[in-house]
Amino acid sequence: NKCLYEDVFSLHFEVVDLLNQAALIPTDEKLAVLKQEMIAFQTDKSIEVRKFVIGFIEEACKRDNELLLRLIANLNMLLRDESVNVVKKAILTLTQLYKVTLQWLVRSKAVSDMQEACWDMVTQMKGDVLALLDSENDGVRTHAIKFTESLIITLSPRTSDSDVPKRQEGDISLDKVPKDHLYIRYDTLCEEGKTALEKLLKFMVHPAISSINLTTALGSLATIARQRPMFMSEVVQAYETLHANLPPTLAKSQVSSVRKNLKLHLVAVLKHPCSLEFQGQISTLLLDLGMPQSEITRSTPAPREQRKRPRHEPYTEGKKIKIEPALIEDDEDKEEPAPITAPKPPAAPVAQSAIDLTAEFLHPLLTSENVANLVLISMVYLPDVMPASFQATYTPVESAGTDAQIKHLARLMATQMTAAGIGPGEEDEAGKEDGTGEDSGGKDLLIKRKLPAVMVGQAISVVGGYAEKPTTDAPAAAVKRLPEPILPSAQTKIAGASGRKKVFRLADVIQPLSDTQTENLTSKAVNRILHSEKAIAQSGMSHVRVKLLSRLVTQFEGMMKGDVLEFILDDIRTRSDLAFSLLYQEYNTYLSQLPAGLLDSYDHCLYTLLSGLQEKPEQRDGLFTKLVLEAPIITESALDVIRRYCEDESRVYLGMTTLKELIIKRPSRQFQYLHVLLDLSSHEKEKVRTTALAFLKRMYEKDQLRDYIEKFALNYMQLLVHPNPPSLLFGADKDTEVAAPWTEETVRQCLFLYLSLLPLNHRLVHELASVYTEAIADIKRSVLRAIEQPIRGMGMNSPELLLLVENCPKGAETLVTRCLHILTDKVPPSPELVERVRDLYHKRVPDVRFLIPVINGLEKNEVIQALPKLIKLNPIVVKEVFNRLLGTQHGEGASSVSPLTPGDLLIALHNIDSTKCDMKSIIKATNLCFGEKNVYTSEVLAVVMQQLMEQSPLPMLLMRTVIQSLTMYPRLGGFVMNILSRLIVKQVWKYPKVWEGFVKCCQRTKPQSYSVLLQLPPAQLTSVFERCPEMREPLLQHVHSFTPHQVRAVTSLAQSLSFHLGIFSDSASFCLFFCVTTSAKADQWPPPRGPPHAKEVMFLPGFVCLFVCLSVCLSVSVQHNSKSYGQILMKFCGLGPPTPDHHQNLIISSLSHFQQTLKISSKSVHNFLSYVAH
Amino acid sequence: MPSHPLRVAVVCSSNQNRSMEAHNILSKRGFDVRSFGTGSHVKLPGPAPDKPNVYDFKTTYEQMYNDLVRKDKELYTQNGILHMLDRNKRIKSKPERFQSCKDKFDLVITCEERVYDQVLEDLNSREQETLQPVHVINVDIQDNHEEATLGAFLICELCQCIQHTDDMENEIDELLQEFEDKSNRPFLHTVCFY
C-alpha cells in the first residue's frame, strides 16, 4: 500500500510538473498537451491513478467540450474497469458529463458525425449505467441510483415550481432541448427520463433491496420530487408503498435507519410548495413514523401561496395525466403519448391513479361492521411470532376512527390491493390496457413480482407493516391471500360501475383435475421449488425451501423422491442441507407410523444418498462421514454402502474412520458395525486389510470391544482346522462348501487379525498352538511363514511365549522351534529361554533341534555332548549350527558369545566317539570348519594340531586335519615337519589310520619330508617304501648327494655319539639323518679341524640340528657326567651371535622333551641348566 | 483495502468528550480523522445541572481551560473536565462545528441519535454536487468519561474493520450487522451524497 501511495504521490508530481509547463501555453493548447500525457495513465496498474485519470477527463471535458469527442471513449473503457472503485468514479463522472454533453450538443450549431457518434456513445453508456442498478455490488448500485436521479432530472423539464439548487442553475434540462434537433430527439429523451423513473421505482420495491440502496433511493426520490414536482405523486405513492412494505430482509436497526430517512425526506418533500395535494398522505405517514403533529404543521408550507401557482402551471396538469399510469410497477407508460406540452383540460377528475380509485372505492365500505369482520377473518392469518419490524415500528393509532384515519386506511389497503393487482382502480387500468393489446405483458410482470414476494414470506411482513393499526392489517392480509372475502365490494362495484364483470364464484370456474394432471402439476410444482435454488438463496430463505421440499417429498409417493435425490446428488456439496432435511423427514415419518411403520423409504433415501456419494469420484469434505454419523439409523443396505466405501482403496481411511466413529458413538449396534470392520480385516486388498487391522488394533484396547474382536479372530483362526477352506473365505455369495485346497492366501486370510492382535495379547499364542497341532501340513507351513513378525514383536521375554516353550503341546514342536528361531535370529537367547528349552529337551522332547536356536546359551560341555547328534542333521541345519557357534551368522551385531572357541569346536569334532556318530558326518563337519577360512586361520589350526598331537591316543582324523591345514596354508610346512618328527617319537605307526595319513603327508611334502623320513626306524622306513615305492629312489639320491666330507663327518660324529650314547641303535640311520640335516650347507662345509664336532655342529642349519646336537650333548653329559660335552655346549652357546629367544625356547622345550622320552631325572637337567648358565 | 485512507469524522454535540476521545484514539492508530460538534454552542458541565458553562465554537480549549481554572479549579479537576480540556488542546486548538465544515469525508460517525439526525439534516440540506457518497453511522455513547473511552474503542475497531474491507460500500452492511451482534447495540446507518 505504501508503494501505492508513493505511486500516487509521484503521479501528483508529474501532474504538477505538467501543469506548470502548461501555464506558459494558452489554455486550449494546454489541455491538448495535458490530454496526451494524462491519457497514457488510464491503464496504469494503480486504481488511484486510474481514478485520477477519470477526474482529469471530467475536468478537461468540462473546460473544453470538444474534448468529449476524444475522451468519452476512454471514459467508456474505464466504466468497464475491473475495479469497482474505478467504475464508481466513472459513474460519478458520467453523471456530470452526461449533462455537459447534452448541453454542448444542444447548443452546438455545427453538425458533425463525430458529435453524433459521441452522443450515441453517451446514450449507450447511460443505458449501461442504468443496467448497473442490477449490479452485484452494493456500492455500484448506489452510484447507479444517483446517476438515475440526475438523469431523471435532466431528462424532464424544469418548471417554475421546481426547486433549483444554485449550483445547478445553469444545468441543462429537457425544457432547454430544442424539438428540432437533428439527432437529439426531445420525445426520446422524455421517454428515457420516464423509463428511468420507472426503473428507479421498480428498483425500490425489490424485496431484497439493501438498506443503503433503499436509503439512497429514498433520497433520490425526494430530490426528484422537489426539483420536478410533476413526479411528486409517484414519489409519495412510492413512499407510502414502502412504508407499508418494508423489505423483510432488513435488520431491526436498518428498519429504524430507513424510517428515519423516510421521515427526513418526507419532511423535505412536505416543505415543497407543491406538496399541497399530498399533505394529507404525507402527514399521515409522518404521524405513523412518530412525528408529533406540531412539528408536521411547522414543516407544512402555508397553503395560500402555492394554491395559486400550481393551478396556473400547465405542468401540474401534465403531471396529473402522468400520475395515473405511474403505478408502482406499471410499464405501460409507453403507450401514453406523454402529452406534456398539450395538457388536457383541467376538468379531468377521472384521471386518477389506480390507488386513488381503489381508495375512493374502499372508503365508504369501511364501516365499523365491515372492519370488525375483516379483523376477525384476518385473525387467522396472524403470524405466531410478532415480526421484528412490527415490534420496532409500532405506534399506537391516535386518530383511530376519524375520517382522516379511515381515508388513510383505505389508501393503505388500496396500495396493497393495487400491488396485488386487484381492486376497481386496477380493473380500470386493465380496461384501458385491453385496448392496447399489451395486457398480458403487464400481467406477467405482476405475477413475476408477486411470486417471489410470496415465496420469501413477504406476506408476513405485510402484516407487520400494517399491524400498526390493528384494524388495517386484517383486510390487507385478507385481500392478499383470500380474494373471496371481498366479494361484496365487487358486487357493489358492479352496481356502480361499468358492469363488464360478473360475479365471481370459485366453484363456477374450477374443475376437478384428473389424477395424472394432479400428479403432473404436483411434480412440476415441486420441480419449480427444486430449481429455484439460486433465487431463493439470494433472498436468504433457503431454509424454508429446504423444509418445504423435504416435507413435500416425504408425503408424496412417486417419481418426486428420485428426482429430488438426483438433484441433491448433482451438487451434493451445496445441497447437503436439503439431503439432511430430507433424511430426517423420512425418519420422522417412520417414527410417526410406529410400530407398523416401515423403514423402506428412509432406507431408500439413505441408501441412494450414500451410494451416490460413494460413486462420486472424490470429495474431501467429509460429507459421507457426516451423513453416516448424523443419520438416525444405519440400515443394512446403508451399512453395505459403507462397506463398499471402505473397500475403495483411495478412501479406505476415511471410510474406516467413519466406521470407527459409528462403532464408538452408536453403542447399541456397535457389534454390527464392528463386524463389518472385522470382515474387512481379511480383505483381499492389502491396503484395505492393513487399514482395518490398524483400526482394530486400536479398538482392541477398549474393554467393551475386546472380547468380540478376540472371539472373532479366534473363530477365524479356528477355520484352519478344516481340511478345506470353508466357503466363508470366498465371500458370502458362494455358500457351497468349496473343495479347493488351502492356499497360502486363504491361510493368511484366517490369520491376519489374529496375528495382529497377538503382540497386544500374548495369551492368544496358546490358541495358535492348539490350532496348529490339528492343522494339515500345508497349513502348518503357511502358519510358520506367517508368524515371524508377530512372534518377533512379542519378544523372548514374553511370559506366555516362555510358557508355550515350556509346555510345547504335542504336534506343535515345529511351531515352537520356529518361534525359537525367530526369537534368536537377531538377538542372543535370554537365560530364561535357554532354561526353558533345556528343560524341554531333557525332560520331555529330546529333539536336539530345539537346542539349535539357544545353542549359544548352553554350557560348553552341553554343546559338546550334543555335537554328535547335531552334525547328523540335515547339512543345511548343520551349517546353521556351525554358523551360530562360530558367530558367522548373517545377522549383524549378533554378539552372542559362543561357548566354544573355533579351536575347541574342531578339537571336539576330532574327539567325537565314532560309536556315537559315523565318520562321514564328522568329516563333513570338519570340512564345514575348514570352509570358514576367516575363522580358522593358520594360527588357530597350528594350535589345534599341536593339541591334537599331544593327545593320547592320537585322534583318528589327526593326519587328515594336518594335510588339510597344509593344503590351506602351505607356509605351515615347517610346523608340519616338526609335528611329523614328533609323531615319530610318539610311534605313530601304532595307529594304522594315522600312520597311513602320516605317510601320505610325507609323500605330499617331499622333498621337505626326507629329513623326517630319515628319522624313522628302519622297519618303518621300509614300511614307507612299501606303501610308496616311488619314494625310495629320490631319498637315496638325496643321501648320495652328500659330499664325502659330510658323510665322513656325519658318520664319525654319529659313531662317536652312538658309541657314547647307544641311543641310535642303527648307526646308519643316524648317519643318514645327520647327512640330511646338514645337506643344505654342504657346499660350505669346511674341512674338519680342531675339535671337529663342535665346529661342524655350529654350521648346521635350523633348529633340527640344534635340537639333535643338544640332545646328543645333553644325553652324553648326563649319562657320563662328562665335562667335555658340557664344554661343547658351552662353546656352542658362547659362539656365534647371541642366541635369539626362540632358540632358547626351543632348547628348553627340547630339554623337557628329552627329559620325558629319555627318562632323565630332573635333577640332571637342573644341573645342566645351571651349567649352561655359567 | 480501499485504495486511499478513510477520511473519518467523529461527531458529538460539543466536540469535547466523546468525539475528542475517539479523535484521540483514531489519530493514534493512524486514521485521517477529524472531530466536530453539532450543537449551536459548546456546553460543559457547570456547578449545577442547570448552570452549564456555555461557550461558542470560536473559544479555544485553552481559553475554556483557563476560564474554568479561574472559576473553580478544584471542582473541575475533580470531575475531570480540566483533564479533558488539557487533552483536547493538545489535539487541536478549538472545537469545530460540523455544519460549518465543507470538507468531505468517507465516513461520519455520530455519538448519539440526536447528533445523527442533525448531521443527516445538514448533509441533506446541502446542495448536491459531486454525488460522492458519505456513510453516516450512529454509535450511541453516553456522555461521560468512561463510556466515551469504551465508545472510542468501539469506534476505532469499527473503523479498522471498515478500513480493511476490500470494497467498503459492498461490505459495510454486513460488517455493521456483525458489529451489532457483537457489541449488542444497534447502529443507525445511512448514506448521503456531497
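In the predicted model, helices α37(A) and α39(A) are roughly parallel to each other, because angles under 35 degrees count as such and the two pack at an angle of about 15°. Their axes are 10 Å apart, and α37(A) passes α39(A) in a right-handed crossing. Helix α37 covers residues 703–718 of chain A, and helix α39 covers residues 765–774.

Elsewhere in chain A, a nonpolar surface patch is formed by A:L376, A:M379, A:V380 and A:L382, which together have about 410 Å² of accessible area. Of these residues, A:M379 is located in helix α17 (residues 368–379) and is partly exposed, at a relative accessible area of 47%.

Chain B contains 6 helices and 7 strands, arranged from the N terminus in the order β-α-β-β-β-α-α-β-α-β-α-α-β. Of its 194 residues, 55% are buried.

Over all chains, 34 salt bridges were found. In chain A, A:D128 and A:R80 form one with an N to O distance of 2.9 Å. A:D128 belongs to helix α6 (residues 113–131) and A:R80 to the loop between α4 and α5, so the bridge ties together parts 48 residues apart in sequence. A:D128 is partly exposed, with 26% relative accessibility.

In chain B, the closest N and O atoms of B:E21 and B:R87 are 2.6 Å apart in a salt bridge. This pair ties together helices α1 and α3, in parts 66 residues apart in sequence, and both residues are buried. A salt bridge also joins B:R34 and B:E96 (2.6 Å, N to O). B:R34 lies in strand β2 and B:E96 in the loop between α3 and β5; B:R34 is partly exposed at 25%, as is B:E96 at 23%. A network of salt bridges links B:R18, B:E112, B:R114 and B:D143.

Note on methods. Residues numbered from 1 in each chain as written. Chains lettered and ligands numbered in written order. Predicted model: local features only at pLDDT ≥ 70, side-chain atom pairs only at ≥ 80, totals over all residues. Heavy atoms only, no water. Patch = residues over 30% accessible without salt bridge, like charges linked within 9 Å, V, L, I, M, F, W, Y side chains within 5 Å. Areas by Shrake-Rupley, 256 points an atom, 1.4 Å probe, with all protein chains shown as cover. Salt bridge = Lys/Arg side-chain N within 4 Å of Asp/Glu carboxyl O. Helix = DSSP H or I, 4+ residues; strand = E, 2+ residues; numbered from the N terminus. Buried < 20%, exposed > 50% of the residue type's maximum accessible area, 1.4 Å probe, protein only. Axes fitted to C-alpha atoms, helices over the stretch in contact; angles between N-to-C directions. Parallel < 35°, antiparallel > 145°, perpendicular 65-115°, else oblique. Left-handed = near helix turned anticlockwise from the far one by under 90°.
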